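This briefing goes through a protein model topic by topic. Please have the sequence and the 3D view open while reading.

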Amino acid sequence: MDNYEQIKSALASENIKRVRSDFYSRHKAIINSGYKLLGVCIPEIKKIVKSVDASAREKIIDEIFADGEKTFEGVLIAGCLAARKNDYDFTSRQLKRVIELFDSWAHVDTVVPWLRWVETEKFLSDFDYLLRENNQYAVRFYIIFMMNNCITAERINIIEDKLKQINYGDYYVDMGAAWLLAEVLVKDYASGLKLLEKIDFPKFVHNKALQKARESFRISQEQKQYLKTLKK
């Protein structure tokens with residue numbers, strides 16, 4: 001594919017329509033986007049993104065920006081096209097534009113995994129400004145990137161530093177931070193406990209992290225019992 005009209009035709013194809021009704025009814029409230037939701041499932045979105053010619057990415061992103069009737073799926077495709085493995089300068093430039101269009105956790109959580117190819121420290125530095133944005137989806141984007149790329153012994157200090165900088169209170173920021181903390185507890189239990197001790201998280205973030213960690217099959221019953229005692 002090399003233009004937005006082809007993408008819109010693909011989104012309206014008969015094959016996709018067969019699964020659209022069920023997807024739409026089950027996911028509209030969860031996705032909670034202000035854009036029109038066509039009801040196209042994520043695997044189909046990924047197929048469309050992978051079919052786009054690399055040379056056409058910037059043009060298509062521009063066409064999505066110019067669309068006066070943007071859809072949830074169109075914005076999601078713009079994000080995936082920006083994040084897909086490519087020249088880093090292109091990805092950095094386009095993502096900084098597209099993130100401003102995001103209005104759902106699903107935009108964030110679907111796009112971030114496409115960034116596994118970037119150099120982590122450079123990306124964290126270039127996008128550090130997101131933590132200070134008055135946009136909960138921009139802040140969540142940075143949090144979810146850390147969750148995917150920074151839960152290692154070498155980078156746990158980065159997580160600590162950035163979590164201290166966040167202005168909590170927005171639901172999708174708080175949920176993202178809780179998810180990150182839970183994943184640290186699951187993957188590096190001792191480091192997770194240290195984060196909970198060093199940072200005075202809001203009650204919701206603190207307790208939600210404990211809850212999500214206790215729901216995991218990857219920590220022991222003994223650890224789960226101890227986490228219960230940490231509830232605020």
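Buried means under 20% relative accessible area, exposed means over 50%, and partly exposed lies in between, using a 1.4 Å probe and protein chains only. By that scale aspartate 87, with a relative accessible area of 44%, is partly exposed. The model is predicted, so local features need pLDDT of at least 70 and side-chain atom pairs count only at pLDDT 80 or more, while totals for chains, interfaces and linings use all residues. Residues are numbered from 1 along each chain as its sequence is written, and side-chain values use heavy atoms, with hydrogens and water left out.

**Salt bridges**

- Side chains of opposite charge can pair when their charged atoms come close.
- The structure holds 14 salt bridges, a salt bridge being a side-chain nitrogen of Lys or Arg within 4 Å of a carboxyl oxygen of Asp or Glu.
- One of them joins glutamate 58 to arginine 93, with 3.8 Å between the closest N and O atoms.
- Glutamate 58 lies in helix H4 (residues 57–66) and arginine 93 in helix H6 (residues 88–98), so this pair ties together parts that are 35 residues apart in sequence. Helices (H or I, at least four residues) and strands (E, at least two) are DSSP runs, numbered from the N terminus.
- Both partners are partly exposed: glutamate 58 has a relative accessible area of 34%, and arginine 93 has one of 40%.
- Aspartate 128 pairs with lysine 162 in a salt bridge, where the closest N and O atoms are 2.7 Å apart.
- Aspartate 128 sits in the loop between helix H8 (120–126) and helix H9 (136–149), and lysine 162 sits in helix H10 (residues 156–165), so the pair ties together parts that are 34 residues apart in sequence.
- Aspartate 128 and lysine 162 are buried.
- Another salt bridge, at 3.1 Å from N to O, links the side chains of lysine 164 and glutamate 160. These two are four residues apart in helix H10, so about one helical turn separates them.
- Glutamate 160 counts as buried, at 17% relative accessibility.

**One side of helix H1**

- Which residues of helix H1 (residues 4–11) are buried? They are Tyr4, Ile7, Ala10 and Leu11.
- These residues cover an arc of only 115° around the axis, so they lie on the same side of H1. The arc is that of the directions from the helix axis to the C-beta atoms.
- An α-helix has 3.6 residues a turn, so residues three or four places apart point the same way.

**Helix packing**

- Two packed helices are described by the angle between their axes and the distance between the axes.
- Helix H11 (residues 171–187) packs against helix H13 (residues 203–214) at an angle of about 45°, and their axes are 8 Å apart. Axes are lines fitted to C-alpha atoms, for helices over the stretch in contact, and angles run from 0 to 180 degrees between N-to-C directions.
- That angle makes H11 oblique to H13. Angles under 35 degrees count as roughly parallel, over 145 as roughly antiparallel, 65 to 115 as roughly perpendicular, and the rest as oblique.
- Residues of H11 in this contact include Tyr171, Trp179 and Leu185, and those of H13 include Phe204, Lys208 and Ala213. Contact means heavy atoms within 4.5 Å.
- The axes of H9 and H11 come within 8 Å and cross at roughly 10°, which makes H9 roughly parallel to H11.
- Among the residues that meet there are Gln136, Ile143 and Met147 in H9, and Tyr172, Gly176 and Glu183 in H11.

**Single residues**

- Glutamine 94 is in helix H6 and is buried, with a relative accessible area of 1%. Not counting residues up to four places away in sequence, glutamine 94 touches Glu58, Ile61 and Ala82.
- Cysteine 41 is in the loop between helix H2 (14–31) and helix H3 (42–50) and counts as buried at 18% relative accessibility.
- Asparagine 32 is in the loop between H2 and H3. Although asparagine 32 is not a glycine, it has a positive phi of about 55°.
- Asparagine 32 counts as partly exposed, at 42% relative accessibility.
- Aspartate 87 is in the loop between helix H5 (72–83) and H6. The C-alpha atoms of aspartate 87 and valine 112 are separated by 16 Å, and the two are 25 residues apart along the chain.
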